[in-house]
Amino acid sequence: MLPAGFGKTHPPYPAVWFFPCLGEDAHTVHFKSGLAELADRHGLAVVVATTGNDFLVDLPADARWSFFEEEFFDSVRDILSLSPCRKHNFVMGLSIGGYAATRLALAHPERFAAACSLSGAVAPDVLPQDQRLKDRRLHSLRFVLDSQLIPRAFGSREEYALSEGNLASLAAQCAGRAGPAPRLMLAWGREDALAAGPNRAFADTLAAMGIRCETLETPGGHDWACWNEMIPQAIEWMLKD
């Protein structure tokens, strides 16, 4: 999604790299969100990057993390004349995409000025067995709970704790590095049975490490109605510093 006048005004453009939730892609994000209008209003590019309905990890037959880490961003910047400067690059994600956004920012604080996770799966080793998740309307959440999606990505809880994708470990490494850490926002819906508890706990973990973290709790659940309330606030927050 590109601002009006793209190609006529002077590049390079700032960019929000956006990772959607399970079952969504660039087309559905365009129609379900107000991101196109926000791109125009703020004069930035919003690049929707899907992770193939999976966590952003390397699997035996799919080096997905390595692709995004080593190739994706530079290739898209070259095509669209996007700014390579850290202060012009922001990453955001929904649910499983919130995990991806957070991991990228913590693993590469030199690349991203800020990251925002909306209803993010920030603790994939912790999935609450809440009765509300059995509602048929929450089919994507039931899919996560009923499938082998998380074990396939991370293995057991113990294996996740030792993996390169463990967000708490990445946060500790980020806190110990020289140079600025990315600003982080964790946002969730108050009635979100999947994300609210783990995000509150992760925010406390980040604060204990001295990592700057903004939190945003709004009414709502794990759905677009809630995310569309959060997204404009999140983008304004990312751009304000």
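The crossing of helices H4 and H8 is left-handed, and this pair is the first stop of the tour. Please keep in mind that the model on the screen is predicted.

**Stop 1: helices H4 and H8**

Select residues 96-107, which form H4, together with residues 167-175, which form H8. Two packed helices are described by the angle between their axes and the distance between the axes. For H4 and H8 the angle is about 25°, and the axes lie 9 Å apart. Angles under 35 degrees count as roughly parallel, and H4 is therefore roughly parallel to H8.

Which residues make the contact between H4 and H8? On H4, display the side chains of Tyr99, Thr102, Arg103, Leu106 and Ala107. On H8, display Leu167, Leu170, Ala171 and Cys174. Of the residues in this contact, seven are nonpolar, one is polar and one is charged.

**Stop 2: Ser95**

Next, select Ser95, located in the loop between strand S5 and helix H4. Most residues other than glycine have a negative phi, and most peptide bonds are trans. Ser95, however, has a positive phi, near 55°, although it is not glycine. Is Ser95 buried or exposed? Its relative accessible area is 9%; because buried means under 20%, Ser95 counts as buried.

**Stop 3**

**Stop 4: helices H2 and H10**

For the last stop, select residues 35-42, which are helix H2, and residues 224-240, which are helix H10. How do the axes of H2 and H10 cross? They come within 11 Å of each other and cross at roughly 30°. H2 and H10 are therefore roughly parallel to each other. Their crossing is right-handed, whereas that of H4 and H8 is left-handed.

To view the contact itself, display Leu35, Leu38, Arg41 and His42 on H2. The residues in the contact of H2 with H10 comprise six nonpolar, one polar and two charged.

Terms used: Residues are numbered from 1 along each chain as its sequence is written. This is a predicted model: local features need pLDDT of at least 70, side-chain atom pairs count only at pLDDT 80 or more; totals for chains, interfaces and linings use all residues. Side-chain values use heavy atoms; hydrogens and water are left out. Axes are lines fitted to C-alpha atoms, for helices over the stretch in contact, and angles run from 0 to 180 degrees between N-to-C directions. Helices (H or I, at least four residues) and strands (E, at least two) are DSSP runs, numbered from the N terminus. Angles under 35 degrees count as roughly parallel, over 145 as roughly antiparallel, 65 to 115 as roughly perpendicular and the rest as oblique. A crossing is left-handed if the near helix is turned anticlockwise from the far one by less than a right angle, and right-handed if clockwise. Contact means heavy atoms within 4.5 Å. Ala, Val, Leu, Ile, Met, Phe, Trp, Tyr, Cys and Pro count as nonpolar, Asp, Glu, Lys and Arg as charged, and the others, Gly among them, as polar. Buried means under 20% relative accessible area, exposed over 50%, partly exposed in between (1.4 Å probe, protein chains only).
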